[in-house]
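Please look through the model shown below before reading on. This report describes its sheets, its helices and a few of its loop residues in turn.

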Amino acid sequence: MVASNKYARSVIKLIFKRGPLTRSEIMHALKMRQNAIVDVCNDLEAQTLIVREEPDRRRNCKLKLSPQCFIFIGLEHHLTGANFVAVDALGEKLASQSVELPQDQRLDQLLAATEKFILPFKRDSICALGVSDIGLVDPPHETGVFSAHLPGWRDIPLGKAFRERFHYDFFLIDRVDADCFAAHSRNSKSPHIYINIMPDGIGMSLRDPYNFWQRHMPMAGELGHLVAVPNGELCRCGNRGCLETVAGVGAVLERLFQLTGKRLTESEALALAASGDRLCETVLREAGEQMGSILAKVVGILGVGNITMRGTICAGDGVYFAAVRAALFKEVIYPMNRMLAIDSESRSTENSALGAALFARNEYIDRL
Ligand SMILES: [Zn+2]
């Protein structure tokens, strides 16, 4: 839908990157002649692709991208269904929705749910679709490679299916990368390791100031399936003793069930530990120590000392996060242990969908 000529696309790209600009600022930045810029801006305004920040002001008025003309849809596909978020050109959230989906014919279910979510939007105002998929993804081939949790989810041609159905530009991104993409825009620009502990898995995203590592190395960041206990418990991936089997949410709750006979939720286990329940405290501490020990190896290999852990189990200063921290600082080599900074935060359930939408928006504008 976007603009006809390359100058128009350059103007759109510039306003996207720098924010609202006057015609004269655009002219200087793009080194265009004055009459050329007048023609291009008049044309873009006539198409309502760009609009004036203050509609009544005639001179030196800043121009911005029209929120209604640039809509980006983000989808997170997870074990029990999908989350959707729509954002405008400025990255502001326009709508969001969560749906539960059956596991049978999951791809068809996802396409149908997407169709429903985009129904209220004008079809040609949607520019691109970003999908963050469960499990391993292969972004260059737009394929969902494998999920250890969702039966049958293997080599799914997501790009082909979504492009054929919707005819929008399509961008695939790892679920943890998408989540951290949304978070990183608020954080520092320095290299950063993000660890996500979700109810259905443990993931890692590595960001440098300009990009994320998994973008070109799709198999990277499978932290949950690094072996923490050789020949330990059988993991859903088919290997034994993966970190998920000792430090994941499911593993912690299963261990508590074996010990107490009670099926606790994540929040109940955390609350019990916080109130001094010795058993919950020990199980969470031991899980956190396993996580910290693996994390120390990651830091030793990558040499990146800024870490954010995200998820309910590690949010705040509970026993799990304290144990991660203690094991990490104990095992990391000097002087790296003096330079480490680790914090934790909870994550919103729709963050991956938001990150996928923002990723699609950045990629789309970049390629104009
Ligand atoms: Zn595994």
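The paragraphs below begin with how the model is to be read and then go through its parts.

This is a predicted model, in which local features need pLDDT of at least 70 and side-chain atom pairs count only at pLDDT 80 or more, while totals for chains, interfaces and linings use all residues. Residues are numbered from 1 along each chain as its sequence is written. The names of helices (H or I, at least four residues) and strands (E, at least two) refer to DSSP runs, numbered from the N terminus. Two strands are said to pair if DSSP finds at least two bridges between them.

**The sheets**

Five strands form an open sheet in the order β5-β4-β3-β6-β10, and their pairing is mixed. The strands β5 and β10 (169-174) stand at the edges with a single partner strand each, so one side of each has no neighbour in the sheet. From one strand to the next, the twist averages 15°; angles of this kind run from 0 to 180 degrees between N-to-C directions, and axes are lines fitted to C-alpha atoms, for helices over the stretch in contact. Within this sheet, strand β6 (residues 126-133) pairs with β10 in the parallel sense over six bridges, and the bridge partner of V131 in β10 is L172. Helix α13 (residues 351-366) packs on the sheet, where it touches β3 (71-78), β4 (81-87), β5, β6 and β10, and its direction makes about 140° with that of β3. Here two residues are in contact if their C-beta atoms, placed from the backbone, lie within 7 Å.

Another open sheet has three strands in the order β7-β8-β9, with antiparallel pairing. Its edges are β7 (136-138) and β9 (154-156), each with a single partner strand, so one side of each is left without a neighbour in the sheet. The twist averages 20° from one strand to the next. Three bridges join β7 to strand β8 (residues 143-146) in the antiparallel sense, and the bridge partner of D138 in β8 is T143.

**Strand β13 and its partners**

Which strands does β13 pair with in the parallel sense? The table gives both of them, with the number of bridges for each.

| Strand paired with β13 | Sense | Bridges |
|---|---|---|
| β11 (residues 192-198) | parallel | four bridges |
| β14 (residues 341-345) | parallel | five bridges |

M309 of β13 is the bridge partner of I195, and M309 also stands opposite S344 in β14. A residue is buried if 20 or more other C-beta atoms, placed from the backbone, lie within 10 Å of its own, exposed if 12 or fewer do, and partly exposed in between. Four of the five residues of strand β13 (residues 306-310) are buried, so the strand is largely enclosed by the rest of the structure. N306, which lies in strand β13, counts as partly exposed because it has 18 C-beta neighbours inside 10 Å. Although N306 and A341 are 35 residues apart in sequence, their C-alpha atoms are 5.0 Å apart in space. Leaving aside residues up to four places away in sequence, N306 touches S190, P191, H192, I193 and A341.

**The helices**

Two packed helices are described by the angle between their axes and the distance between the axes. Helix α8 (residues 249-260) packs against helix α10 (residues 278-302) at an angle of about 145°, with their axes 10 Å apart. On the side of α8 the contact is made by A251, V252, R255, L256, L259 and T260, and on the side of α10 by L279, C280, V283, L284 and A287.

The 13 residues of helix α3 (residues 34-46) should span 18 Å at 1.5 Å a residue, and the end C-alpha atoms are 18 Å apart, which agrees; the expected span is 1.5 Å times one less than the number of residues. Just after α3, T48 takes a positive phi of about 55°.

**Loop residues**

Q105 lies in the loop between β5 (93-100) and α4 (106-118), and its phi is near 45°, a positive value in a residue other than glycine. Is Q105 buried or exposed? With 12 C-beta neighbours inside 10 Å, Q105 counts as exposed.

E142 sits in the loop between β7 and β8, and its phi, near 55°, is also positive in a residue other than glycine. E142 is buried, with 20 other C-beta atoms within 10 Å.

Finally, a cis peptide bond with omega of about 0° joins Y334 and P335, and P335 is found in the loop between α11 (319-331) and α12 (336-339).
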